[in-house]
Amino acid sequence: MIRIILFILLVGAIAALAVFLVDERGHVEIVWGDWLISTSPIALAAASLTIAFISLVIWQISRWIFRGPRGIKRIRRIALQRKAYRHLTEGFLAAAIGDGGKAQKLARKAKTTINEPALALLLSAQAAQLEGQREAAIEIFKDMMVRPETELLGIRGLLLNAKKSGNQLEVRELAERAYRIRPDIEWVLTTLLELRVRNRDYMGALKVLKESIRNNLISSDLAKIRRSALLVEASRKAKRNDNQRDAHKLAIRSVEIAPNFLPASIAAAEILIEMGRFNACARIIESFWKIAPHPTLGSKYRSIYEDRDIHTQIKRLERLTKISPDHTESQILMGSAALEAKLWGSARKHLLEVEKRSPSARVYRLLARLETDENQDTQESHLWLIKASEAPPEEVWRCGSCGAIHTTWHILCNSCASIDSIDWGVPFSSNKKLHEASILPNDKRIESN
Ligand SMILES: [Zn+2]
C-alpha cells in the first residue's frame, strides 16, 4: 500500500515537473570543447531520463552476465533437492504399505540427488529390511553409525538385528553405546535394564531405573514396584553370596518402598527367619495380611512358632488371622493348625466354612485328612479326595508370557527370559488365556502379585 502511494506521488511529481518545464520559456546551452548543445529545459529533462533508464538496463544486464553461472547452479540445486524430497516422500509411503522394491528404487534415486544422506539412508535401511536383505540392512546401519546425526538410528537397527539373531554380547555393547549417547530415551533404558537383569546385575539395573524416573519415563507407582522387585533379587543374590547383612538391608528396603508388593514381604520374612528375628518377621507378615493374606506368608508365620507347643502356636496364629478373620487364607491357616493340634471341632468348623464359600483342592485334601485322623473313616476321606482331584487348579506363580509355573516369584522367567511376567494366579489352561494375560501392562501384572 505504501509503495503504491509512493509510486503515485513520484509519478505526480514528475508530471508536475514536466508541466512546469513545458510552461517555462527559455533555453539551455551546454558547451563541451568545440561542442555547443542548445535546447529547451523539457528536452534536456527527457534526454536525462532516457540516459538514466538505458544505464539502469545496461547495469542489470552486466550484473546478470557476471553472476549468471552461480545463479543457474543455485536454481538447479533447488530443483534437484525438490526432486529428491519427492523421491523420499514417495519412498517412505511405499515402505509404509510394505512395497520394499519400490522403496529401494526411490531410496537409490534420492541418494544420488540429495546433499543430506540421513533420510536416504533411513529409507534404504527400511527398504532392505522389507525385502528381507538382512546383510544389506546391516551395512546401511553401520553407515548410519559413523554419522553423528544418524548414529542412534544405526545402533537401534543393529541392536534389533542382534536381538533377532540372539547375539547377546553385541546387544549389550550396542545398548551400552546408545546409553552413553542418549541416557534419556525409553527404548535405550528398557533394553539396558532387561540386559542387566538377565546378567543378574540388579544394582546396575537400579541405576538404569533411576534414569527412567528422572526422565519421567515411568509412573511413580510402577517405579516403586520395579525398584522393590530389583531389591528383592539383589537381596537374594547377597544371600547366595553369604552376605546376610546386605541381604537383610536390601529386603527391608524393598518392603519399605513397596509394602503392597508380595515378593518383597516374602523375601523379608525369609531373611528375618534365617536371622532369628522372629518378632520383626511377624510384624512384616501381619502388615501384609491386612492387604492380602497369602498361603506362603501363612506358612512362614507358622514356621516362626513351630518349636512352641501347639496351643501357643494356635494363639499366635489367632493374632495373625484376626486381622482378616473371614478371609479364606485365615480360615485355612486356622483349620490346618487345629488339625495338627487334634482340635477336631475347630478344624472342621474352619474347613467347612471355606468349603462352603470357596471350595478348592487344598481344602478338600485337609477335610480328607480330618476324616482319616479323627474318625479313621477312609471311605469319607476317599470321597473328599475325589472332589480334590476334580477341583479347579490352585493358584501358583505363573509366567504371563509362556505359561510356565514357578515355585517362587522371580523378576525373570527362566523359561522364556521375560522380565516382570510372573504373577500369582491360576495356571493358564489355554492359549487364549495366556495371550490375554501376556498383553496386560507390566504394572498390572506386578501389582496383581
Ligand atoms: Zn515365561
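**Figure 1. Contacts across the sequence of the protein chain.** Take contacts (heavy atoms within 4.5 Å) between residues at least 6 apart in sequence: in the protein chain, 50% of them join residues at least 24 apart. The model is predicted: local features need pLDDT of at least 70, side-chain atom pairs count only at pLDDT 80 or more, and totals for chains, interfaces and linings use all residues. Residues are numbered from 1 along each chain as its sequence is written, and side-chain values use heavy atoms, with hydrogens and water left out.

**Figure 2. Overall dimensions and surface.** The chain has a radius of gyration of 42 Å, whereas a compact globule of 449 residues would have one near 22 Å. This radius is taken over C-alpha atoms, and the globule rule is 2.2 Å times the number of residues to the power 0.38. Along the principal axes, the C-alpha atoms fill a box of roughly 150 × 50 × 45 Å. Buried residues (under 20% relative accessible area, 1.4 Å probe, protein chains only) make up 39% of the 449.

Figure 3. The protein chain has 21 helices and five strands. These are DSSP runs numbered from the N terminus: helices are H or I with at least four residues, strands E with at least two. Three strands form an open sheet in the order 4-3-5, with antiparallel pairing. Strand 4 (405-406) and strand 5 stand at the edges with a single partner strand each, so one side of each has no neighbour in the sheet. Two strands pair if DSSP finds at least two bridges between them.

**Figure 4. Strands 3 and 5 in detail.** Strand 3 (residues 396-399) and strand 5 run antiparallel and are joined by four bridges. V396 has G425 as its bridge partner in strand 5. R398 stands opposite D423. In a regular strand, side chains alternate between the two faces of the sheet. In strand 5 (residues 422-425), I422 and W424 point one way, D423 and G425 the other. All four are buried.

**Figure 5. The surroundings of E233.** E233 sits in helix 10 (residues 220-240). E233 counts as buried because its relative accessibility is 3%. Neighbours within four places in sequence aside, E233 is in contact with Y202, W409, H410 and I411.

Terms used. Buried < 20%, exposed > 50% of the residue type's maximum accessible area, 1.4 Å probe, protein only.
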